[in-house]
Amino acid sequence: MGVNVRDMSVQPRDHTDGKEMAGRTDEELFRAIKEGGQAVSKSVLMPPWGGNLSDEEIESIVSYLRELCKCKYGSG
Ligand code: HEM
């Protein structure tokens, strides 16, 4: 966890929480990462990464998130 996390008004998502994460489609996760939290009606504290990561990189992060939660959409 980063040094700022204890002061953040909204805490980042626990990506190992299979129940929460199963409520998200891969498209929503992709969009949250690429365009930031606001694009999926989440906190603006989640920054957009589209300027730093390619679509291919974001796709592999989405796959990794699915490994972390051991879940897929609708499985929770
Ligand atoms: C490349 C690294 C990161 C990835 C892959 C990532 C991924 C995600 C994803 C997929 C979501 C949406 C979760 C959901 O739909 O429930 C999210 C939300 C969020 N992230 Fe990140 N994130 C990253 C870095 C960060 C950083 C650096 C911060 C803080 C400075 C942050 C703060 C947040 C917050 C506050 C939310 C919103 C939670 C909510 O509104 O419920 N994230 N992140």
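The accessible surface of the protein comes to about 5,500 Å², and 52% of that area belongs to carbon and sulfur atoms. Accessible areas come from the Shrake-Rupley method with a 1.4 Å probe, and for residues only the protein chains shown count as cover. The model is predicted, so local features need pLDDT of at least 70 and side-chain atom pairs count only at pLDDT 80 or more, while totals for chains, interfaces and linings use all residues. Residues are numbered from 1 along each chain as its sequence is written, and side-chain values use heavy atoms, with hydrogens and water left out.

**Overall fold**

- The protein has three helices and zero strands, where helices (H or I, at least four residues) and strands (E, at least two) are DSSP runs numbered from the N terminus.
- Along the sequence the pattern reads α-α-α.
- The radius of gyration is 12 Å, close to the 11 Å that the globule rule gives for 76 residues, so the protein is as compact as a globular protein of that length. This radius is taken over C-alpha atoms, and the globule rule is 2.2 Å times the number of residues to the power 0.38.
- The C-alpha trace spans about 30 × 25 × 20 Å along its principal axes.
- Buried residues make up 21% of the 76 residues; buried means under 20% relative accessible area, exposed over 50%, and partly exposed in between (1.4 Å probe, protein chains only).
- Of the contacts between residues at least 6 apart in sequence, 53% join residues at least 24 apart. A contact means heavy atoms within 4.5 Å.

**The largest pocket**

- The largest pocket has a volume of about 730 Å³.
- Of the 27 residues that line this pocket, the closest to its centre are Gln 11, Pro 12, Arg 13, His 15 and Met 46.
- On a 1 Å grid over the protein atoms alone, a pocket is an open set of points where a 1.4 Å probe fits, with protein on both sides within 12 Å along at least five of seven lines; lining residues have an atom within 4 Å of a point. Grid points are joined across faces, edges and corners, and the volume is the space filled by probe spheres set on the points.
- Helix H2 (26-35) and helix H3 (55-69) each supply at least two residues of the lining. The largest share, four residues, comes from H2.
- By class, the lining has 17 nonpolar, six polar and four charged residues. Ala, Val, Leu, Ile, Met, Phe, Trp, Tyr, Cys and Pro count as nonpolar, Asp, Glu, Lys and Arg as charged, and the others, Gly among them, as polar.

**Buried residues**

- Gly 36 sits in the loop between H2 and H3 and is buried, with a relative accessible area of 2%.
- Not counting residues up to four places away in sequence, Gly 36 touches Arg 31, Met 46, Pro 47 and Pro 48. Its C-alpha atom is separated by 6.9 Å from that of Trp 49, 13 residues apart along the chain.
- Leu 65, in helix H3, is buried at a relative accessible area of 8%.
- Leu 65 touches His 15, Met 21 and Ile 33, with residues up to four places away in sequence not counted. The C-alpha atoms of Leu 65 and Met 21 are separated by 8.6 Å, although the two are 44 residues apart along the chain.

**Arg 24 and Lys 42**

- Arg 24 lies in the loop between helix H1 (18-21) and H2 and is buried, with a relative accessible area of 18%.
- Leaving aside neighbours within four places in sequence, Arg 24 is in contact with Arg 13, Leu 29, Lys 42, Arg 66 and Tyr 73.
- Lys 42 is in the loop between H2 and H3 and counts as partly exposed at 41% relative accessibility.
- Lys 42 touches Arg 13, Arg 24 and Gly 37, not counting residues up to four places away in sequence. The C-alpha atoms of Lys 42 and Arg 66, 24 residues apart along the chain, are separated by 19 Å.

**Positive phi**

- Most residues other than glycine have a negative phi.
- Ser 41 has a positive phi near 60°; this residue is in the loop between H2 and H3 and is exposed, with a relative accessible area of 72%.
- Lys 70 has a positive phi of about 45°; this residue lies in the segment after H3 and is exposed at 76% relative accessibility.
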